Amino acid sequence: MWAWTLWMLPLLCKFSLAVLLAKPENISCIFYYERNFTCTWSPEKEASDTWYTVKRTYCFGRKSDHCTTGNSTSTARTSCSFYPPPITIPDNYTIQVEAQNADGIIKSDITQWRLDTIVKTEPPEIYSVKPVLGIKRMVQIKWKRPVLAPKSTTLKYRLRFRTVNSAGWMEVNFKEGSNGDTTYNLTGLQAFTEYVVALQCVAEESVFWSGWSQEKMGTTEEEAPHGLDLWRVLRPAMVDGRRPVQLLWKKARGAPVLEKTLGYNIQYFPENNTNLTKTVNTTNQQLDLYLGGETYWVSVISYNSLGESSLATLRIPAIDEKLPSVGPVSKVENIGVKTVTITWKEIPTSRRNGFISNYTIFYQAEDGKEFSKTVNSSILQYGLESLTRMTSYTVQVMASTSAGGINGTRINFKTLSISVFEIFLITSLVGGSLLILIIPTVAYGLKKPNKLKHLCWPDVPNPAESSIAMWRGDNFEDKLNVKEFDDSVNMEEERILKPCSVPSDLIDKLVVDFENFLEEFSTEEPGKGQENILGGEKNEYVTSPYRPYCPTGKHFKELPLATEIPSRKSQYLSSGVPEGTSSEDKEQLLSSASSLGLDHLCEEGAPNPYLKNSVTTREFLVPEKLPDQTKREV
C-alpha cells in the first residue's frame, strides 16, 4: 500500500501543477506590403512552457505552411510573421493558431483573410509646400508615392494642416488622380501665413491607413496690407492757439500675422477747406500733429511692395465742440431658463477715445447683487450662465480704452419659467401615461365588452322588480300603473305633486289581507298582549292614519264606505266598505260617518286590531299600578 502511494505521488503532483491550455482568441492579421504577413492573438491567460504554431493556407487554398513562435523565454509569444517570397496579392489566406505545451494541444477557430483588405503601405514623403505665384491664400503640396504600395491599387489620402501658432489640426480627404498625380492645392488659407502639413495614405479597399508622413512647413503668398485701427489723443490748446493731437494706429483685427508694411501715409485737412490738405509719411505707428481750433479730418494708409491698404479715417472735433464718446449698443438673444446671450455693436472709430482694450458686461438680478464679466476687444458677444429661473435682470456693456470707460445702453430681460426641453419632456410623460392607460382600457374593452359597458352605462333599477312587488306577487305588477312623465314638462310643474289614479280594489285587497294576517296572528298567540300587561310591560297604542283612535276599553266599529273618496277624511274610512255596496249607499254611509264623529265609531270593550301595526304615530301610556307594585311601595 505504501509503495503504491509513493509511486502515485509524483503523478499527482505533476497533475496538480499542470495548467490547462488557453484557446487563442482575437486573431488579427496585417499584410505589410512586400515586407511580411503578421498575425497576433491574445490568450485569455498566460501559460508557462507554451509555444504556438500558426498554420497558413495560401494561393487560394492550394498551398500551406506554418510559422512557430519561441518558448516561454521569448518576449513575442503572441505574434508570428510570414516573409516573402510566398506572399502575393491578391490572395485569400486561412489562419489557425495552435497552442501546445507538455500537457496537450489546443487549436483556435479558423479565420479567413483577404490580402486586399488588410494591406498597409508606407506613408508618403512630402518634399515641397509652396505658394503659387499670383494665387492668393493657397499653397501647393507635392509628395512622393510610397514605394511599398501596390501599383495596381488607387490610393486615398488624408491631409492635415494648421498654422504655426495653432495647436488644432484641420483635415482634408482626397483621392489619387487617374494619372498618378501627386500634387494637391490647399486653398482658403490666410495670406502671408506659415502652415504645417502632414500626409497619410491607404489602399482603396484596405482598412489600415499608413502612418503620418514627416511634417513640412510652407507660407502663403504675401498680399497688400490690410486696413488699420486709428484713434487720437486730444491735448489742451497751447498759448499760440495750436492744439496738439497725437495719432495712434495698429493692424486691423484679422490681419495676417506675417503681414509686412514698408510705411504709413497720413493726410489731414480742415473740414471746411480740403485745399489745405497736408501729407506726412512715416514708418512709426504714431504721429504728433499741431492743428488749429476748427474741425479736422485725418486719414492713414499702410503700404508694401504689393500695394496699399484701405483708408482709415478719423474726425478731430473743434475746440468748442463737446466730445463724441458712446458706449456699446447691446441687445439680448437666446433667452433661456438659466442662460442668455448678450451681443453688442462695435463703436465707430470716429467716436472712440482710443483703442478699445476690453469690454465689461454688468448684469444684476432684480433686488440682487451685481456681477460683471470682462472680455477682450475682439469679442462682441457673451453668454451669461447660472441665472435664476423666471427672474428679471438688467444688463449693461462698458467699453474701456486707455482714456477710461463708458457704459452703453441698459436693457432689461426676464428668464423663462420653463425651457423647450422641459415642455417636450412633460408632454412626452403625459402623453406616454395616457397612452399606457388607454391601451389596457381598450384591450379590456375588446376582451370583455359587457363589463366595460356596465361600468360606463350602469343599469337603471326597475321599480316593478322591487321588494314591494313581492307583497302581492305577479298581480301587483298588473295593478300598479306607473305614469311616464313627458320630457317637455318644465321644472316648476315637475315640483308639483300630482294625484295618481289607484285601482278601486287595491286598498280593499290590502285591508283584507292585513285582517287575515291579524286573525292568524291572534289565533296563534292568544292572550299574548294580556300576559304582557300582567307582566308589568308598558302598553303601546298607536294611532293609525286610516282608522280613528279609540281610547282604552273601546273598540272600533266598522262602517261600510265608498272605495273612491275625494277628500283625505274619506280615505281614512274607505278601507272598511264591503265590496258589494253600491255607490249611493257608499255616499250615505260617508255622510253618516262624518256626522257621527269619532266617539260613535269606538265602543267600549272591543280591542282595536290596527293599533299595534300602525307606524305613523305612537302614544305610550303607563298602565295603572298593579297590586304587586302597590305592595312594594308600602
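Biologist: Where is phenylalanine 192 found?

Modeller: Phenylalanine 192 is in the loop between β14 (183–187) and β15 (194–203). Keep in mind that this is a predicted model. The phi of phenylalanine 192 is near 50°, a positive value in a residue other than glycine.

Biologist: And is phenylalanine 192 buried or exposed?

Modeller: Phenylalanine 192 counts as buried, because its relative accessibility is 13% and the cut-off for buried is under 20%.

Biologist: What about glutamate 34, what's its phi?

Modeller: Also positive: phi of glutamate 34 is near 60°, and this residue isn't glycine either. Glutamate 34 sits in the loop between β1 (25–32) and β2 (36–42). With a relative accessible area of 48%, glutamate 34 is partly exposed.

Biologist: Why flag those at all?

Modeller: Because most residues other than glycine have a negative phi.

Biologist: OK, peptide bonds next. Which one is cis?

Modeller: The one from proline 84 to proline 85 is cis, with omega near 15°. Proline 85 lies in the loop between β5 (79–82) and β6 (92–101).

Biologist: How many bridges join β26 to β29?

Modeller: Four, between β29 and β26 (residues 340–344). Threonine 341, for instance, has glycine 383 in β29 as its bridge partner.

Biologist: Now the helices. How do α3 and α4 cross?

Modeller: The axes of α3 (residues 420–447) and α4 (residues 449–456) come within 5 Å and cross at roughly 115°. That means α3 is roughly perpendicular to α4.

Biologist: Which residues meet there?

Modeller: From α3, Thr441, Tyr444, Gly445, Leu446 and Lys447; from α4, Pro449, Lys451 and Leu452. The residues of that contact divide into four nonpolar, two polar and two charged.

Biologist: What does UniProt list for residues 423–446?

Modeller: An unreviewed UniProt entry lists them as "transmembrane region". In the model that span is 100% helix and 0% strand, and its end C-alpha atoms lie 34 Å apart.

Biologist: And the overall tally, how many helices and strands?

Modeller: Eleven helices and 35 strands. The protein has 634 residues, of which 32% count as buried.

Definitions and conventions. Residues are numbered from 1 along each chain as its sequence is written. This is a predicted model: local features need pLDDT of at least 70, side-chain atom pairs count only at pLDDT 80 or more; totals for chains, interfaces and linings use all residues. Side-chain values use heavy atoms; hydrogens and water are left out. Axes are lines fitted to C-alpha atoms, for helices over the stretch in contact, and angles run from 0 to 180 degrees between N-to-C directions. Helices (H or I, at least four residues) and strands (E, at least two) are DSSP runs, numbered from the N terminus. Angles under 35 degrees count as roughly parallel, over 145 as roughly antiparallel, 65 to 115 as roughly perpendicular and the rest as oblique. Contact means heavy atoms within 4.5 Å. Ala, Val, Leu, Ile, Met, Phe, Trp, Tyr, Cys and Pro count as nonpolar, Asp, Glu, Lys and Arg as charged, and the others, Gly among them, as polar. UniProt positions are given in the numbering used here, feature names are shortened, and annotations may be inferred rather than shown by experiment. Two strands pair if DSSP finds at least two bridges between them. Buried means under 20% relative accessible area, exposed over 50%, partly exposed in between (1.4 Å probe, protein chains only).
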